[in-house]
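Here are my notes, point by point. Please keep the structure open while you read.

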Amino acid sequence: MLTISPYVRLLTLDFSRAFITVRHSSLFSKMAAMSLPDEVYNWTRNFYDHRSHCTRFGGELSDFLNIFASVIQGSALGPAAYVVNTGDLRPITIGNEIIKYADDTYLIVPAENASSCQSEFNNISQWASDNNLRLNQKKTFEIIFGARGNRGTSTTLPPTLPNIQRVSNIKALGITITSQLSMNLHVDTLLESCGKTLYGLRVLRAHGMSDDCIQEVFRSIVIAKLTYASQAWSGFCTASDINKLDRFLTRRKKLNYCSQTTPSITEQFDNADQSLFRTVLTKDNHVMHRLLPPNKTLQYKLRPRNHNLTLTCKSSYYDSCNFIARMLFREAY
């Protein structure tokens with residue numbers, strides 16, 4: 001959206017106690033309208049029906065009460081059931097989008113639809129009320145993403161929504177994003193978190209754990225943190241951000257917390273990118289497969305290619321940062 005709009009409004013929506021307030025009657029009414037095989041619907045219905053709850057305190061046991069709400073948090077069906085329940089939550093203005101990931105919900109409104117933000121929010125609040133959910137305005141925030149190079153321009157931003165705080169950065173699915181789509185704050189937060197892990201490694205070493213085991217713990221915890229969802233955010237990193245991450249790894253190698261054969265952070269990012277891109281290419285049912293452009297018709301075949309997809313035009317800085325766009329060009333030859 002930022003390729004054609006000077007800014008984009010994004011609301012991070014928080015539903016209080018979302019997983020435990022979904023009515024079973026509402027959930028199965030929506031499931032019945034889906035093209036599910038009867039055995040899948042019946043099995044799911046049987047999993048939710050006839051559940052009860054009791055409380056034990058001081059040796060006393062309360063009476064059992066039936067449970068008519070909750071998607072059973074912690075169960076394998078929980079997130080999927082919640083997604084089904086929110087399937088009918090849609091924007092009311094053409095051009096706006098609602099992104100849903102389990103109980104994380106985001107409303108995206110481009111600049112040309114900025115005036116529709118209040119009506120969209122009212123629609124979401126009404127949907128929540130109809131579905132036994134409560135929108136927590138104290139934990140709902142707005143952030144305005146500005147197109148790169150617009151800093152300091154005279155673009156007039158819309159007024160804030162009533163009782164909704166406007167912030168300069170948000171944490172979406174564990175990734176800290178600033179209003180300028182910069183990753184410097186995320187990298188700093190990431191390194192601070194990883195630095196705290198080193199105290200635990202020092203304690204383990206003091207208690208006699210071998211270097212091989214410490215390096216395995218480092219790989220399992222610290223490296224996993226550094227590369228978590230890197231395909232989504234590494235493209236927005238500056239050279240300074242990459243240098244910070246590489247210096248962190250270099251210092252850990254000198255202290256023997258990290259294996260000397262550990263690839264640089266750039267190599268790890270590249271490996272993660274290629275692995276995901278190959279999966280998206282080869283699996284038609286992958287959630288990201290629909291984002292790929294169509295195949296192009298080739299009149300000749302001189303050498304094998306990594307893909308035959310049509311290369312999109314790079315119209316802005318963000319096309320070089322976006323995962324799909326940058327991988328299309330990187331893997332073209």
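1. Is F28 buried or exposed? This is a predicted model, and in it F28 is buried, with a relative accessible area of 2%. Y48 also counts as buried, at 1% relative accessibility.

2. F28 and Y48 form an aromatic pair. The geometry is edge-to-face: 5.6 Å centre to centre, with 75 degrees between the planes. F28 lies in helix 2 (residues 24-32) and Y48 in helix 3 (residues 38-48), so the pair ties together parts that are 20 residues apart in sequence.

3. F28 and Y48 belong to one aromatic cluster with Y41, W43 and F47. The structure as a whole holds 8 aromatic pairs.

4. Now the largest pocket. Its volume is about 2,300 Å³. The lining consists of 44 residues, and those closest to the pocket centre are I99, I108, A232, L291 and N322. Several elements give two or more residues to this lining: strand 1 (7-13), strand 7 (97-101), strand 8 (104-110), strand 12 (169-172), strand 13 (175-178), helix 8 (230-233) and helix 11 (323-330).

5. What is the make-up of the lining by class? The largest pocket is lined by 35 nonpolar residues, 4 polar ones and 5 charged ones.

6. How many disulfides does a search of the whole structure find? The count is 0. Take C237 as a case. Its closest cysteine sulfur is in C321, 9.5 Å away, and that is too far for a bond. The cut-off for a disulfide is a sulfur pair within 2.5 Å.

7. C237 is buried, with a relative accessible area of 15%. C54 counts as partly exposed, at 26% relative accessibility. The reason for the two labels is the cut-off: buried means under 20% relative accessible area.

Note on methods: Residues are numbered from 1 along each chain as its sequence is written. This is a predicted model: local features need pLDDT of at least 70, side-chain atom pairs count only at pLDDT 80 or more; totals for chains, interfaces and linings use all residues. Side-chain values use heavy atoms; hydrogens and water are left out. On a 1 Å grid over the protein atoms alone, a cavity is a set of points where a 1.4 Å probe fits but cannot get out, and a pocket is an open set with protein on both sides within 12 Å along at least five of seven lines; lining residues have an atom within 4 Å of a point. Grid points are joined across faces, edges and corners, and a volume is the space filled by probe spheres set on the points. Helices (H or I, at least four residues) and strands (E, at least two) are DSSP runs, numbered from the N terminus. Ala, Val, Leu, Ile, Met, Phe, Trp, Tyr, Cys and Pro count as nonpolar, Asp, Glu, Lys and Arg as charged, and the others, Gly among them, as polar. Buried means under 20% relative accessible area, exposed over 50%, partly exposed in between (1.4 Å probe, protein chains only). Rings of Phe, Tyr and Trp (its six-membered ring) pair if their centres lie within 6.5 Å; planes under 30 degrees apart count as stacked, over 60 as edge-to-face and the rest as tilted.
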